[in-house]
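Visitor: Could you walk me through this one before I start looking around on my own?

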Amino acid sequence: MLRQISEDVRVNLKDRLREIRDIIRQSRHDGSGDASVVREATSHLPSFPGKGIEGLLSHAASAVDEALSIAESFVPHERPIKVDGTTVKGLGTYFPAGNEERQLSAERLFRRDMYYLTKSVLAGLKIDNARIHEADFAAAHAAMRKRHGDLLAALAAPGAGLQAIAATCAALLVELLNQRPVRFGEAAPETAAAGERALDISCLAPVVLACGLATTGRDGAPEPEMLEIAILAADIRHDRIVQACAKASPVDELTPVFATLLAHLP
């Protein structure tokens, strides 16, 4: 219990530090960030002689950002060397049977992989103003354990077939949407037209589908193109997935959608 509390604190701290780092990067003086962040933060301050306080703060933000980059180079990271289809693990790896030690290890791997895979999907969708929270992935993992133990048991049973994998994918997408690990800025593209729910699905459905594909291909070598294939396939079926998520029983509605995709994708 104490170990889990300690892990939760660590994950939330990582999320907060990432947010601070994003703000610092947006405030750089060299144009790589958004100058409006500094203007908003200093709008209530009195005028400052010379270059102005905005310029001083922007240069300070640049110096801090560069110092943090140097410090990061000396700290070991858990991040994958390369984020692509080979990063994705099967659902059985993320939700294994076993003792608490194994469960904590799987949860740690899940939220790490989901963070970097989602980041890769966002880059592919050309969304650069979103923030990803590992703590919400951890919460979704816990919700899967608590609410969908029957699906996870069926997935772990000998000879588990496509239907069990599809049902687990459906439940995982629903729990991720409930936790909303991706938070978009006000200027996020398509938010006004399609709604934030649809945008959440655009980012999370490919990652879940990739996990399903990795599960069906458990006996073969991981495919580097698996994530790209999942992004394209989820985009093609986006409207159907959105409709299924809006139903009273979204897991039941999503299961045949995932079953069809998993059956026809390589």
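**Surface, helices and charged pairs**

Guide: The accessible surface of the protein comes to about 14200 Å², and 57% of it belongs to carbon and sulfur atoms, with areas taken from the Shrake-Rupley method using a 1.4 Å probe, where for residues only the protein chains shown count as cover. This is a predicted model, in which local features need pLDDT of at least 70 and side-chain atom pairs count only at pLDDT 80 or more, while totals for chains, interfaces and linings use all residues. Residues are numbered from 1 along each chain as its sequence is written, and side-chain values use heavy atoms, with hydrogens and water left out.

Visitor: How many helices and strands are there?

Guide: There are 13 helices and 2 strands, taken as DSSP runs numbered from the N terminus (H or I over at least four residues for helices, E over at least two for strands).

Visitor: And what share of the residues is buried?

Guide: Of the 266 residues, 43% are buried, where buried means under 20% relative accessible area, exposed means over 50%, and partly exposed lies in between (1.4 Å probe, protein chains only).

Visitor: What does helix 11 pack against?

Guide: Its buried residues are Met226, Leu227, Ala230, Ile231, Ala233 and Ala234, and they pack against helix 5, helix 10, helix 12 and helix 13, a contact being heavy atoms within 4.5 Å.

Visitor: Switching topic, which residues of helix 6 are buried?

Guide: They include Phe137, His141 and Met144, and also Asp136. Asp136 forms a salt bridge with Arg183, the closest N and O atoms being 3.2 Å apart, by the rule that a side-chain nitrogen of Lys or Arg lies within 4 Å of a carboxyl oxygen of Asp or Glu. That pair links distant parts of the chain, helix 6 and strand 2, 47 residues apart.

Visitor: Is Arg183 buried or partly exposed?

Guide: Arg183 counts as partly exposed at 35% relative accessibility, whereas Asp136 is buried at 13%.

Visitor: How many salt bridges are there by that rule?

Guide: The count comes to 8. One of them joins Arg180 and Glu196, with 3.1 Å between the closest N and O atoms; here Arg180 sits in the loop between helix 8 and strand 2, and Glu196 in helix 10, 16 residues apart.

Visitor: Which residues are joined into one network?

Guide: Salt bridges that share partners join Lys89, Arg112 and Asp113. The side chains of Asp113 and Arg112 meet at 2.8 Å, N to O, and both of these residues are buried.
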